[in-house]
Amino acid sequence: MLNRSLRDFGLNPIVGYLLSAAAFTGLSVYLFDKTTLAEYLFILVAISFIYALSQTRRNDFLKSCFSIKTYYLIRFTENTILALPFFIVLILQHCFLSATALIFVSGVLVFFDVENKFRFSLPTPFYKRPFEFIVGFRNVFYVFFFAYFLTFMAISVGNFNLGIFALILVFLICFTFYTNPEDEYYVWVFSLSPKNFLLQKMKIAILFTTMLILPVVASLSLVFTENAGTVFAFLGLGYLFLITVILAKYSAFPDRMNLPQGFLLAFSLWFPPLLLGVIPYFYLQSVKRLNELLS
Amino acid sequence: MIKIGNLSKAFGTHEVLKNISLTFEKGNVYGIVGENGSGKTTLFRCIAGLEKHSGTIQCEHDKLKNHLGFLQTDPYFFPKITGREYLQLFCNARKIDENNFDGKNIFDLPLNQYAVTYSTGMKKKLALTAILLQNNEVFILDEPFNGVDIQSNIIITEIIHRFKAMGKTVIISSHIFSTLNDTCDEIHLLKDGVFVKRVFKNEFGLLEQEMKEITIGNKIERLGLK
């Protein structure tokens, strides 16, 4: 499935794996260089990936296909494959306790199907405007609390860069809410023109991101007053990228973003002035794509 | 009124709908029947504007889709969206200001639960409730009775009767002939992408008998049941 997804994205699977490995290594080096909390972030991210494999429906399917012994072997192999890159980095960074904890948790999660056991639905402040932020928040709410914790730590130890990292983390998480295209029925159902549909999506995204990022921005700009300008510059840039991600998604809709679109997005992240051209381009492409469903 | 003229649809070289022409009048309930793969769902998706096609679809509204409630055979639900949030999304989509979801929860669904945890019938009822709240003028109901309990079946049948009285247009597909018998004014038989028969209410019994004979034939005998 992963190979097929990579091919759909326009990448040779081998190239895709190599690029992923390079990106993972680069990000790991950057994180451990920038913050002492990187090891905790690593555990959190690794466990959230492994947790995603514990869906009851998926595992019920596996159980129905394989013997119980083979099922646990598959689950153990999957969890190990996912945990391994994080484990290696933690070992290389001499975080032995965290590495051991990660392996232990990934082993324990083999025996748990964690989804749909509870009838409880996590309340969110976004109930009036489904669905991206409701689904996204419920999936990764703990990362927001981690970002708030990082902000608190940044203020406690007077590390402004760590605070900016927390701000970027909140934005990155919000971006992920818009990476996968929804079923086209959920676009079709809107009685809006493509332009108004996109405007509404952007308005809601900016409003809800502001709600989530406000504690970080307010704390940083109040405590690091001399750097308030930098905070607001990052905030503005974050909003621009948020808009770009939304437009990139609908510029390929109902398909997933393809390789050229991914490159455009990546180049814009690397060199933000490109957004001046990329945003109008994605906008026009999005209108064209949405016209087929909304007009 | 919806007027379909020479509608054709192909997936690659496979022609699913072949030059279909049909008119759906206001205040009438239409049944579309046909075997699996005969093109019913594709026809519905074309009418809704979810599939590109050749031919024309005309109606009195400038955009049919904005007045159309489309109940899909197998409605998709986002993970971690409650029934209440699903209804809110559909009301937002059509700018309907509705807050009293509990009052309008005619199927007694657990609205605070995630919709993906619902049973097949509950999902169908939630999707139906959502399009009912939108005050649509035209309804396409693809297998509305599928997996639904007997009580809800009665409610859905009554809703369709009320829609007819209100002058709305309803198009239904169902594999349960009795439900079509109870609700439809006319039934169209779709076979291999072509409408091969149009039957009015007084001939429904004959159609059912004919379909039974054609469908069953000597198939059961071939099984050699003992």
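Tutor: Start with B:Leu133, which counts as partly exposed because it has 19 C-beta neighbours inside 10 Å. The cut-offs are these: a residue is buried if 20 or more other C-beta atoms lie within 10 Å of its own, exposed if 12 or fewer, and partly exposed in between, with C-beta atoms placed from the backbone. This is a predicted model, in which local features need pLDDT of at least 70, side-chain atom pairs count only at pLDDT 80 or more, and totals for chains, interfaces and linings use all residues. Residues are numbered from 1 along each chain as its sequence is written, while chains are lettered from A and ligands numbered from 1 in the order in which they are written.

B:Leu133 sits in helix α3 (residues 120-133) of chain B. Helices here are DSSP runs of H or I with at least four residues, strands are runs of E with at least two, and both are numbered from the N terminus. What does B:Leu133 contact, leaving aside its neighbours within four places in sequence? The partners are B:Leu87, B:Phe90, B:Cys91, B:Ile96, B:Glu98 and B:Lys104. Contact means that the C-beta atoms of two residues, placed from the backbone, lie within 7 Å. Take B:Phe90: it is 43 residues from B:Leu133 along the chain, yet their C-alpha atoms are separated by 8.1 Å.

B:Thr215 and B:Glu35 are 180 residues apart in sequence, with 9.2 Å between their C-alpha atoms. B:Thr215 counts as exposed, since it has 9 C-beta neighbours inside 10 Å.

Now the backbone. Most residues other than glycine have a negative phi, and most peptide bonds are trans. B:Asn6 has a positive phi, near 50 degrees, and is not a glycine. It belongs to strand β1 (residues 2-11) of chain B. With 12 C-beta neighbours inside 10 Å, B:Asn6 is exposed. B:Glu143 also has a positive phi, of about 55 degrees, and is not a glycine. This residue lies in the loop between β6 (138-142) and α4 (150-165) of chain B. B:Glu143 is buried, because 20 other C-beta atoms lie within 10 Å.

Chain A has cis peptide bonds. One runs from A:Pro130 to A:Phe131, with omega near 25 degrees. A:Phe131 is in the loop between α6 and α7 of chain A. Another joins A:Phe253 and A:Pro254, with omega about 5 degrees. A:Pro254 is in the loop between α11 (228-252) and α12 (259-270) of chain A.

Look next at helix α6 (residues 96-108) of chain A. It has 13 residues and reaches 18 Å from its first C-alpha to its last, close to the 18 Å expected at 1.5 Å a residue. That expected span is 1.5 Å times one less than the number of residues. Which residues of α6(A) are buried? They are A:Ser98, A:Ala99, A:Leu102 and A:Ser106. They cover an arc of only 100 degrees around the axis, so they lie on the same side of α6(A). The arc is that of the directions from the helix axis to the C-beta atoms. On the other side of α6(A), A:Phe96, A:Leu97, A:Phe104 and A:Val108 are exposed. The buried residues of α6(A) pack against α3 (38-51) and α5 (68-92) of chain A.

Step back to whole domains. Chain A is assigned domain 1 (35-120) and domain 2 (121-295); such bounds come from an automatic or database domain assignment. The centres of the two domains, taken over C-alpha atoms, are 28 Å apart. Five residues of domain 1 of chain A are in contact with seven of domain 2 of chain A.

Last, the chains together. Their contact takes 20 residues from chain A and 24 residues from chain B. On the chain A side, α7 (132-157) and α9 (185-188) each give two or more residues. α7(A) gives the most, with four.

How confident is the model? Chain A averages a pLDDT of 88, and 98% of the residues score at least 70. pLDDT is the predictor's confidence in each residue, from 0 to 100. Confidence in chain A is lowest in helix α1 (residues 2-8), at a mean of 75, and highest in helix α10 (residues 194-223), at 96.
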